[in-house]
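Hi everyone, thanks for coming.

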Amino acid sequence: MSILRTTALGLAMLAGPAFADGHATGDAAAGEAVFKKCKSCHAIVDADGEDIAKGGRSGPNLYGIYGSVAGTNEDFGKKYGKSLVAAGEAGLEWNEADFVAYVADPRGFLRTYNDDKKAKSKMSYKLKDEEDAKNVWAYLVSVGPEVAAD
């Protein structure tokens, strides 16, 4: 990684919620550390194909998750579970509150969101600590594309 890119990434992470224009309440630097738990399934790869965080490919790329419709990442395609796709079709766009609730209990979140007691999630890992989840969200927003203020 070039020195310029490393410096830019470091500054973006220090900016945390300020960089994210208020779209995150957590600590982006702490979220980067917690994201290591997520890397076995998820990577963060920017629009130019540059790795921000190398990781697995069994889960979707999390670059640009803020405001994206659940279950619609074209590169991940048909690997999404039916219940997550249904949530996206019902209007689920990722924001901090829904992300934090989803990662705490993916199946439970989808059952509630879809009002379907049989809903399932392919994501088996649970990040139950709310602060950790908020920090991961802040990290994802901080390394994603710039988002407009509400």
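Predicted model: local features only at pLDDT ≥ 70, side-chain atom pairs only at ≥ 80, totals over all residues.

Residues are numbered from 1 along each chain as its sequence is written, and side-chain values use heavy atoms, with hydrogens and water left out.

Okay, the layout. The protein chain has six helices and two strands; these are DSSP runs, H or I of at least four residues for helices and E of at least two for strands, numbered from the N terminus. Going along the sequence, the pattern reads α-α-β-β-α-α-α-α. The chain has 150 residues, and 39% of them count as buried. Buried means under 20% relative accessible area, exposed means over 50%, and partly exposed is in between, using a 1.4 Å probe and protein chains only. Contact means heavy atoms within 4.5 Å. Of the contacts with a separation of 6 or more, 51% are between residues 24 or more positions apart.

Now the core. In soluble globular proteins, nonpolar side chains tend to be buried together. Here, the largest nonpolar core has 33 residues. By nonpolar core I mean a set of buried Ala, Val, Leu, Ile, Met, Phe, Trp, Tyr and Cys residues joined through side-chain atoms within 4.5 Å. Which helix gives the most to this core? That's H6, with eight residues. The residues with the most contacts inside the core include Phe35, Phe99, Tyr139 and Leu140. Leu140 touches Phe35, Ile44, Leu62, Ile65 and Phe99, leaving aside residues up to four places away in sequence.

On to the rings. There are eight aromatic pairs in the structure. Rings of Phe, Tyr and Trp (its six-membered ring) pair if their centres lie within 6.5 Å; planes under 30 degrees apart are stacked, over 60 edge-to-face, and the rest tilted. Take Phe35 and Tyr139: their pair is tilted, at 5.6 Å centre to centre with 50° between the planes. Phe35 sits in helix H2 and Tyr139 in helix H6, so this pair ties together parts that are 104 residues apart in sequence. Phe35 counts as buried at 1% relative accessibility, and Tyr139 does at 2%. Phe99 and Trp137 have ring centres 5.1 Å apart and planes at 40°, so that pair is tilted. It links Phe99 in helix H4 with Trp137 in helix H6, 38 residues apart. Separately, Trp94, Tyr102, Phe109 and Tyr113 form one aromatic cluster.

Next, a helix contact. H4 (residues 96-104) and H5 (residues 106-113) pack at about 125°, with their axes 5 Å apart. Axes are lines fitted to C-alpha atoms, for helices over the stretch in contact, and angles run from 0 to 180 degrees between N-to-C directions. That makes H4 oblique to H5: under 35 degrees is roughly parallel, over 145 roughly antiparallel, 65 to 115 roughly perpendicular, and the rest oblique. Asp98, Ala101, Tyr102, Val103 and Ala104 in H4 meet Pro106, Phe109 and Leu110 in H5.

Last, the glycine. Gly55 lies in the loop between S2 and H3, and counts as partly exposed at 28% relative accessibility. Gly55 touches Lys39, His42 and Ala43, again leaving aside residues up to four places away in sequence.

That's my tour, thanks!
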